[in-house]
Amino acid sequence: MPQLSLLFVTTTQTRYTTGAGITEPDRGAKRPRAEEKGAALGDEESRGGKHQKGHGARYREAASLAIEIGGEMRENEEMNEEKKIILEKLLDRDEEEPEAEPVDESSVKKMILTFEKRSYKNQELRIKFPDSPEKFMESELDLNDIIQEMHVIATIPELYHLLVELHAVQSLLGLLTVVDLLQELTDIDTLHESEEGAEVLIDALLEGQVVALLVQNMERLDETVKEEGDGVHNTLAIIENMAEFRPGLCTEAAQQGLMQWLLKRIKAKMPFDANKLYCSEILAILLQNNDNTRELLGEMDGIDVLLQQLSVFKRHNPSTAEEQEMMENLFDALCSCLMLSANRERFLRGEGLQLMNLMLREKKISRTSALKVLDHAMIGSEGADNCHKFVDILGLRTIFPLFMKTPKKMKKTGTSEKEHEEHVCSIMASMLRNLKSQQRTRLHNKFTENDCEKVDRLMELYFKYLEGVQLADKRIEGEKHEMVRRGEILDDDMEDEFYLRRLDAGLFVLQLICYIMVEINNSGISQLQQRVHQILNLRGGSVKIVRHIMREYIESIGDGKSEEYKEAERKRIMDLVDNF
């Protein structure tokens with residue numbers, strides 16, 4: 001791993017690097033990219049427009065002098081020869097002023113080579129006079145100036161290959177004060193302007209183990225100092241930009257110390273700030289669709305860290321919108337982790353079920369997300385242990401009131417009625433699939449309470465979602481018929497789009513409801529079986545429709561699972577359907 005230069009890593013860091021090191025972004029919620037880019041371009045225009053500013057001043061000077069001369073002409077009808085000469089000299093000087101040098105391949109090469117020379121000179125002087133900062137101060141300032149000039153390269157990503165070819169990337173990674181420059185170079189909008197140049201730059205940065213170096217840098221920074229806190233924020237922006245451009249680097253980044261640093265920063269006893277919010281966001285990005293990072297987090301006791309941080313919101317709502325965003329990021333990270341079966345065991349041992357159950361009872365903003373976490377913890381055969389434990393901690397008393405009545409106050413969390421009912425029905429379906437013996441009996445008994453009111457609610461939801469899906473199906477069939485009439489071909493993409501529209505209409509929730517219906521119909525309790533069929537007949541329902549919905553559900557079972565699992569599960573559900 002390349003060694004970091006000692007550049008600006010002394011007590012003089014903040015004294016010498018205010019200009020070169022770290023900009024001061026808006027450290028609130030996630031920054032809009034368009035504004036960032038606009039600001040960056042604005043800076044470049046201001047840097048490139050020094051000559052024009054000089055022109056403007058001289059034109060104003062010349063104009064004021066011309067007005068004064070014009071006044072005298074009107075008064076005396078003769079021009080002062082001396083003033084006329086001065087005016088001509090000013091205009092001549094202005095014409096002679098050189099234009100701003102255009103930025104092209106040649107000027108970028110020159111800029112990079114100048115940077116290399118000044119960087120080498122600075123390192124040489126630092127080694128020669130380690131205890132005499134005044135002797136390398138001038139070289140420090142020269143280096144700072146050229147780094148500032150290099151920001152213009154961020155506006156021309158097609159020339160990024162020059163940074164790699166002239167070995168400037170390695171030199172940049174050796175400095176701690178180029179964080180803001182790297183942030184501009186990796187701006188996601190800029191990267192997409194020239195995919196080829198971006199690929200070359202990202203490859204070179206990864207080859208130089210950029211994430212490991214950035215993490216080392218962040219460990220040195222003291223966030224109580226504003227400039228250094230901004231440096232952490234900018235560093236996280238670089239990592240986010242690269243991860244968005246190339247999602248595959250998340251595993252490598254996590255293994256190079258980023259995961260450990262994020263967990264340490266999230267659990268640090270510091271007041272909530274923009275950096276903690278940003279850390280939660282990066283953590284959620286790292287864990288998205290990535291079993292390697294999920295396993296790494298589990299091995300680092302990250303499940304406990306997430307549960308500890310979320311426990312704060314058990315009895316208290318987040319105090320600001322930013323803090324609520326951080327809470328949602330941590331819940332999302334936890335849900336991602338629970339996709340890995342080993343983490344479900346860690347969640348169980350860490351008393352995650354007890355915490356989520358308490359959140360459901362407290363009726364705070366965290367309730368909606370806690371429901372989502374329970375769904376992830378209990379789904380599939382890997383969720384069996386969590387299902388049994390949930391019944392043992394009297395979770396049925398918590399989940400059934402949410403099944404019977406969908407809470408009205410969900411707008412604050414941005415959760416729809418459909419999402420809530422989907423999570424509750426999914427949890428019910430998971431328990432019916434996984435529970436054995438005594439716990440299974442307790443669940444069945446819940447459905448018989450109060451003259452089978454839970455079955456009445458189940459059937460109410462069935463007809464509600466059936467109507468929505470049938471309406472969507474009717475529209476889709478009409479569109480298909482129209483497409484065939486026009487001679488258009490129904491390709492796979494079109495079929496996928498139609499399927500997504502059916503899911504939006506509530507198809508998956510309907511499938512879960514039908515699964516619960518066939519499960520309780522096979523419970524061996526005649527009271528439940530009779531009630532299901534009684535309501536179905538009363539409202540003009542059909543057993544054939546339920547069977548059709550379940551057969552479609554069986555076809556989509558077990559995505560990502562082994563063939564053996566799929567076959568066994570399909571056979572089990574098909575037996576339930578045949579007995580309905």
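## Helix α22 and its cover

Buried here means under 20% relative accessible area, exposed means over 50%, and partly exposed lies in between, with a 1.4 Å probe and protein chains only. Helices are DSSP runs of H or I with at least four residues, strands are runs of E with at least two, and both are numbered from the N terminus. The model is predicted: local features need pLDDT of at least 70, side-chain atom pairs count only at pLDDT 80 or more, and totals for chains, interfaces and linings use all residues. Residues are numbered from 1 along each chain as its sequence is written, and side-chain values use heavy atoms, with hydrogens and water left out.

Helix α22 spans residues 384-392. Its buried residues are A384, N386, C387, H388, F390 and V391. What covers them includes α19 (341-349), α20 (352-362) and α21 (366-378). The cover also includes α23 (396-404), α24 (417-434) and α25 (437-485). Just after α22, L394 takes a positive phi of about 65 degrees.

## Aromatic pairs

A pair of aromatic rings is described by the distance of the centres and the angle of the planes. Rings of Phe, Tyr and Trp (its six-membered ring) pair if their centres lie within 6.5 Å; planes under 30 degrees apart count as stacked, over 60 as edge-to-face and the rest as tilted. The structure holds four such pairs. In one of them, F400 and F403, the ring centres are 6.2 Å apart and the planes stand at 90 degrees, so the pair is edge-to-face. Both residues lie in helix α23, three residues apart, about one turn of the helix. F400 is buried, and F403 is buried too. The rings of Y515 and Y553 also pair: their centres are 6.4 Å apart and their planes meet at 55 degrees, so this pair is tilted. It links distant parts of the chain, 38 residues apart. Y515 sits in helix α27 (residues 507-521), and Y553 in helix α29 (residues 543-555). Y515 is buried at 3% relative accessible area. Y553 is buried as well, at 15%.

F400 and F403 form one aromatic cluster with F447.

## Two loop residues

M300 is in the loop between α16 (291-299) and α17 (302-310). M300 is partly exposed, with a relative accessible area of 30%. Contact means heavy atoms within 4.5 Å. Leaving aside neighbours within four places in sequence, M300 is in contact with M259, Q260 and L263. M300 and Q260 are 40 residues apart in sequence, yet their C-alpha atoms are 7.4 Å apart in space.

S194 lies in the loop between α10 (188-193) and α11 (195-207). S194 is buried, with a relative accessible area of 12%. With neighbours within four places in sequence set aside, S194 is in contact with P157 and E158.

## Cysteines

A disulfide is a pair of cysteine sulfur atoms within 2.5 Å. By this rule the count is zero. C335 is in no disulfide: the nearest cysteine sulfur, that of C337, is 9.3 Å away. C335 is buried, at 5% relative accessible area. C514 is also buried, with 0% relative accessibility.
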